[in-house]
Amino acid sequence: MKESNILYPSPLLSQYIKYYWVLKTDAVEPVMVQTIPSGCVHLVFHRGENLSIQSKGLQPKNFIRGQFSTYGSLFSEGNIDMIAVIFHPLGLNPFVRCAMSELYNHYIDVEDLEDIELNHLKRSISTEQEAETCIRLIEFFLLQRLVDADCIYQRTQHAISQIINHPQIDVNTLAESTCLGYRQFKRVFTNQVGMSPKEYHRVVRFQRALHLLQNNPGMEFVDLAFSCGFYDPSHLVKDFKEFSGCSPTPYLSSRSPYSTFFSEDCRLNVIKSHSRA
């Protein structure tokens, strides 16, 4: 690996952007990386070789990765040279002209958004070698579109904070905390986040489990399940299978647990032993 740096946004954008991740690698051989639901939305400008996503063909070089409820595999076929904007859960909403539901379980090519200014930003970054300059270009673009958050945004942000701070909270309580009826809350949340509140709660709960395992490698599954708000360990195993493709024990034997959502750094979740066959 040549370079992996975390850079932080300016104060005006800090409530929308978690951090920028600059990654450059020299590819000696293909690398397999697992993609799992992260709870965050990513805007990626990639200047290296094309990336290949298992069963989905070539990934666009410049793309938005929306909220995901499924796992997958990404293969690097050459050098990686990218700048990723890691947004907070609602962070992308003010800056793009599409509904978050359109991004659900998709990698959307920047060009497909038909956004003239965003495409101009993409072209500017493709010819700029200095990461700091690229980030200044990104921030100028975002600040030009920044508007005050409306009440719907604020209510949804409150619900997300409740999910983060209270692992055992249920959707009815979330709706009550935002002073909305259940059906209205579910509709508003899904429009703002890109997935239903129940599904998003499960993703955050899974990310919390990864974060606890990341920092407490020997943690018993019973304690892990209780700490994350699972009803029992069997529900923990069920979510692991759905979101990562395997139960916790084989997961931990093939890769190091890592939570994008709760960690302050960023790294590739490389699968230790793999075959492309």
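What do the buried residues of helix 1 pack against? I looked this up in a predicted model.

**Entry: helix 1.** I took helix 1 as residues 116-126 and found Leu118, Asn119, Leu121, Lys122 and Ile125 buried there. These residues lie on the same side of helix 1, because they cover an arc of only 155° around the axis. For the question above, I noted that the buried residues pack against strand 4 (41-46), strand 7 (62-65) and helix 2 (131-145). I then checked the start of helix 1, where a side-chain oxygen of aspartate 115 comes to within 3.2 Å of the backbone nitrogen of glutamate 117.

**Entry: strand 7.** I went on to strand 7, one of the elements that the buried residues of helix 1 pack against. Asn62 and Ile64 point one way from strand 7, while Phe63 and Arg65 point the other way. I listed all of these as buried.

**Entry: strand partners.** I looked up how strand 7 is joined to strand 4 and found four bridges, with the two strands running antiparallel. In this pairing, phenylalanine 45 is opposite asparagine 62 of strand 7. I also found three bridges between strand 7 and strand 10 (residues 107-109), again antiparallel. Here phenylalanine 63 is opposite aspartate 109 of strand 10.

**Entry: confidence.** I noted an average pLDDT of 87 for the protein chain, with 87% of the residues scoring at least 70. Residues 273-277 have a pLDDT below 50, and beyond near neighbours in sequence this stretch has five contacts in the model. Where pLDDT is low, the predicted coordinates should not be read in detail.

Definitions and conventions: Residues numbered from 1 in each chain as written. Predicted model: local features only at pLDDT ≥ 70, side-chain atom pairs only at ≥ 80, totals over all residues. Heavy atoms only, no water. Buried < 20%, exposed > 50% of the residue type's maximum accessible area, 1.4 Å probe, protein only. Arc of directions from axis to C-beta. Contact = heavy atoms within 4.5 Å. Polar contact = N/O pair within 3.5 Å; in protein donor to acceptor, adjacent residues only side chain to side chain. pLDDT = per-residue confidence, 0-100. Pairing = 2+ DSSP bridges.
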